[in-house]
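Please look through the sequence and the three-dimensional model shown here, and keep both at hand while reading.

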Amino acid sequence: MQSQSSAVELSNLGKTGYVCLYRTTFPLPPAWETFEALSKANQQALGSGGSDILKAIQTFNTAPNPSMNAKQFQALILAMVMQESGGNGNVVMDKQKSHGILQVQVKGEQPATCDPSGCTYDNYLKMLQQGVYGHSGTGSPIPPGIAYWLGSNSTGPALRAYNSGSVVDRFDYQKVNHDSQGRPTSTESYVSDVGNRLAGVTPDKFPDKQWLSHICGFETVPPE
């Protein structure tokens, strides 16, 4: 049965491996690892495109929420990239609806994609723009961009909205919607996962879906 993470558990976030984050528990930006530290820790996992991805992330130099500065926002974007795709620009999921390194379901324009031979810096930048702003042009952020959700939410509920399309339960960031067969339609562990990545839990120490289900009690999305 799920219970809210204790202050002791939160203080150990990133130090003792994965910590299951429940309800409204989420680390505040000052507790996050720096963008530089996360870049170094995830560089190998990002693969050959890592340098271009990290360079593109650094173009986002204005935070959409006063609770964080630009570098902290960059750290958040990087943690989301690791959660969504691990930096693989050719990933397509959710019945061909989610594209790119931020797995965005962009509206009103074509999703950014890569040539099969490999992604370029410009490809990554456009993917990031679509995931951050909801579009690759100019103008205010729109859904589904994370900057849009951060405009009126703290980080935890903004991440839930990014993953699910809305904040399902403001008293429990892990709550998701279910389909007619009772199956979760988005990743229940998403907010907890990104929180752990921000705390410095690296890909080689990140638990699989079965562990998250068995230890934390998070439901898993059925395979496509």
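Which residues in α3 meet which residues in α5? D52, I53, K55, A56 and I57 in α3 meet Y121, Y124, L125 and L128 in α5, where a contact means heavy atoms within 4.5 Å. Before going further, note that this is a predicted model, in which local features need pLDDT of at least 70 and side-chain atom pairs count only at pLDDT 80 or more, while totals for chains, interfaces and linings use all residues. Residues are numbered from 1 along each chain as its sequence is written, and side-chain values use heavy atoms, with hydrogens and water left out.

The names of the helices and strands also need a word of explanation: helices (H or I, at least four residues) and strands (E, at least two) are DSSP runs, numbered from the N terminus. Helix α3 covers residues 50–57 and helix α5 covers residues 121–133, and their axes come within 9 Å and cross at roughly 45°. That angle makes α3 oblique to α5, given that angles under 35 degrees count as roughly parallel, over 145 as roughly antiparallel, 65 to 115 as roughly perpendicular and the rest as oblique. Such axes are lines fitted to C-alpha atoms, for helices over the stretch in contact, and the angles run from 0 to 180 degrees between N-to-C directions. By class, the residues of the contact of α3 with α5 are seven nonpolar, no polar and two charged, where Ala, Val, Leu, Ile, Met, Phe, Trp, Tyr, Cys and Pro count as nonpolar, Asp, Glu, Lys and Arg as charged, and the others, Gly among them, as polar.

Helix α3 also has a contact with α2, and the axes of α2 and α3 come within 9 Å and cross at roughly 150°. These two helices are therefore roughly antiparallel to each other, and α2 passes α3 in a right-handed crossing. On the α2 side the contact is made by F35, S39, Q43 and L46, which meet G50, S51, I53, L54 and I57 in α3. The contact of α2 with α3 divides into five nonpolar, four polar and no charged residues. One of the residues named here, S39, is buried, with a relative accessible area of 9%, and the scale behind that word is that buried means under 20% relative accessible area, exposed over 50% and partly exposed in between (1.4 Å probe, protein chains only). Leaving aside its neighbours within four places in sequence, S39 is in contact with L54 and L78.

The next topic is the interior. A nonpolar core is a set of buried Ala, Val, Leu, Ile, Met, Phe, Trp, Tyr and Cys residues joined through side-chain atoms within 4.5 Å. The largest such core has 44 residues, and those with the most contacts inside it are L76, M80, L128, L159 and L198. At least two residues of this core are supplied by each of α2 (35–46), α3, α4 (70–84), α5, α6 (146–150), α7 (155–164) and α8 (190–198), and the largest share, nine residues, comes from α4. A second, separate core of eight residues includes Y18, Y22, V201 and C216.

Helix α4 also holds Q83, which is buried at a relative accessible area of 18%. Apart from residues up to four places away in sequence, Q83 touches Y190, D193, V194, R197 and F206.

Some features of the backbone remain. P143 and P144 are joined by a cis peptide bond, with omega at about 10°, and P144 is found in the loop between α5 and α6. Phi of R23 is near 55°, a positive value in a residue other than glycine, and R23 is found in the loop between α1 (7–11) and α2. Q103, in the loop between β2 (98–99) and α5, has a phi near 45°, again positive in a residue other than glycine. R23 is partly exposed, with a relative accessible area of 36%, whereas Q103 counts as buried at 9% relative accessibility.

Definitions and conventions:
Left-handed = near helix turned anticlockwise from the far one by under 90°.
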